[in-house]
Amino acid sequence: MSITRLFRVYTYLYRQTRYPMISPIEGFSKLTKEEKVDWISEKYTQNKNASKALLKTYWNTDAGVQKLHDEFIENTISNYYLPLGVAPNFLINDKLYALPMAIEESSVVAAASKAAKFWLERGGFKTKVLGTEKVGQVHFMFTGDTGKLRSFFQKVKPKLLQSASSITKNMEKRGGGVTDIVLRDQSDLLDNYFQLHCTFETRDAMGANFINSCLEQFASTFKEEAKAYTDFTEAEKDIEIVMSILSNYVPDCLVRAEVSCPVKELLVSDSISAQEFAQKMVRAVAIAKVEPHRAVTHNKGIMNGIDAVILATGNDFRAVEAGMHAYAARNGRYSSLTDAAVENGIFSFSIEIPLALGTVGGLTSLHPLVQWSLEVLQHPSAEELMQIVAVAGLAQNFAAVRSLVTTGIQEGHMKMHLLNILNQLGATNTEKKTLIEHFKKNTATHSAVVDAFEKLRN
Ligand code: MEV
């Protein structure tokens, strides 16, 4: 028997002894929270009492707040904390903001704050919303004469809009609604595949529920009307609705943020001239423009800032991530979401990204910390939040690329990570203070921190 096989058998037997046979459970969602905690701790952890105690430690002492969190999702057993930090000094279109950021990565808030301060002294960030169009689609299959389908669509389009009027009424009062419905022939991609490609204005709401409700109504009216359309053959009447759903790809819900200053004002350290720094920044972005491996990491740095503000403001970071990465690949090659240039002695750094955000509805009116974050941001409209979030992404990218082309990323990263390592090692407050001082003058790698800690203890 090979060593690998032997190891696998050993691991299997070990697991069998540590974890008893677990059988499927019926009606788990109907158990009380306490019962769920008991069950999961008993079946899947080795020390059920420690597991139960840990989960309960994270319950909120305010029963009302806890109930709120319990009801956000199904099968809640506890809360999962992320730190909520604040990055001050963001001057955006001449208005000063402090950005709430929910994130676990140690250096992100520090980097955002540093970039904010840097640009505060150079005129701040300028932003502009370029579009606010949201998208949803009814995907359907049609077999028959495409010309007849087009005529049918033209006839039925007003009826589609009319049939959704009870859903759109309130949104229209707020200046939003359905902006258009277009029939798209996609049968070159997939046999018999067509879409109702619908566009929406959802004002301060992210609009997912509104869009999906409209789409489902359009789909049902479309199908019913087709059945009664006398020009269609029996096969043509039998339109198959596959699904109706919003799209998280919103290339026309677009925002731009930019910073600029004379190159000579780009003095970031004594070890690099302003000209050389500007040139390196431009080159680093040029690399991320053409090389997907670098572009992904470059954009990940942007998302550090974006996701943190999105989470703090109760928006859907998965939706934004999916849409932004699709946008980054819109020209057929995954590329940087930021641009950098030097022209006529002026350095400029900018970002243009699709962001479908909301400041009303969803978590925004439910989660107390989300409400707090929106208050700190001075109750922004969705358009204002788009601009703030774009700035968070641009600032984060500036900070990351600045470190990369100067000191390297590890210096700042390890400084912030130092406290995490010291906590893992169980350092006391006095030990932490001494070692933080020590690493102001020494390079903080993981092993250097462990060595210094052990030396201090012994
Ligand atoms: C780390 O979270 C983000 C960076 O890798 C981004 C970048 O490389 O540009 C530092």
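Two strands count as paired if DSSP finds at least two bridges between them, and helices (H or I, at least four residues) and strands (E, at least two) are DSSP runs numbered from the N terminus. The structure is a predicted model, in which local features need pLDDT of at least 70 and side-chain atom pairs count only at pLDDT 80 or more, while totals for chains, interfaces and linings use all residues. Residues are numbered from 1 along each chain as its sequence is written, and side-chain values use heavy atoms, with hydrogens and water left out.

A simple place to begin is a pair of strands. Strand 1 (residues 84-92) and strand 2 (residues 95-102) run antiparallel and are joined by seven bridges, and across this pairing Ala87 stands opposite Leu99 in strand 2. The two strands form a hairpin with two residues between them, and Asn93 in the turn has a positive phi of about 50°.

The open spaces come next. On a 1 Å grid over the protein atoms alone, a pocket is an open set of points with protein on both sides within 12 Å along at least five of seven lines, a cavity is a set of points where a 1.4 Å probe fits but cannot get out, and lining residues have an atom within 4 Å of a point. Grid points are joined across faces, edges and corners, and a volume is the space filled by probe spheres set on the points.

The largest pocket has a volume of about 1500 Å³, and of the 47 residues that line this pocket, Phe72, Gly314, Leu363, His367 and Val370 lie nearest its centre. Among the elements that give two or more residues to its lining are helix 4 (63-70), helix 8 (208-227) and helix 11 (292-312), but the largest share, four residues, comes from helix 13. The lining divides into 26 nonpolar, 18 polar and three charged residues, where Ala, Val, Leu, Ile, Met, Phe, Trp, Tyr, Cys and Pro count as nonpolar, Asp, Glu, Lys and Arg as charged, and the others, Gly among them, as polar.

The second largest pocket holds about 720 Å³ of space, and of its 32 lining residues the closest to the centre are Ala111, Ala399, Ala400, Ser403 and Ile409. Helix 5 (108-120), helix 11, helix 14 (382-405) and helix 15 (409-425) each supply at least two residues of this lining, with helix 14 giving the most, nine residues. By class, the lining of the second largest pocket has 12 nonpolar, 13 polar and seven charged residues.

For polar contacts, which are pairs of N or O atoms within 3.5 Å, an oxygen atom of the ligand is 2.6 Å from an N or O atom in the side chain of Glu105. A polar side-chain atom of Arg294 lies 2.8 Å from an oxygen atom of the ligand, and for Asn304 the corresponding distance is 3.0 Å.

Helix 12 provides the largest share of the lining, four residues, and by class the lining has 11 nonpolar, three polar and one charged residues.

Methods
Polar contact = N/O pair within 3.5 Å; in protein donor to acceptor, adjacent residues only side chain to side chain.
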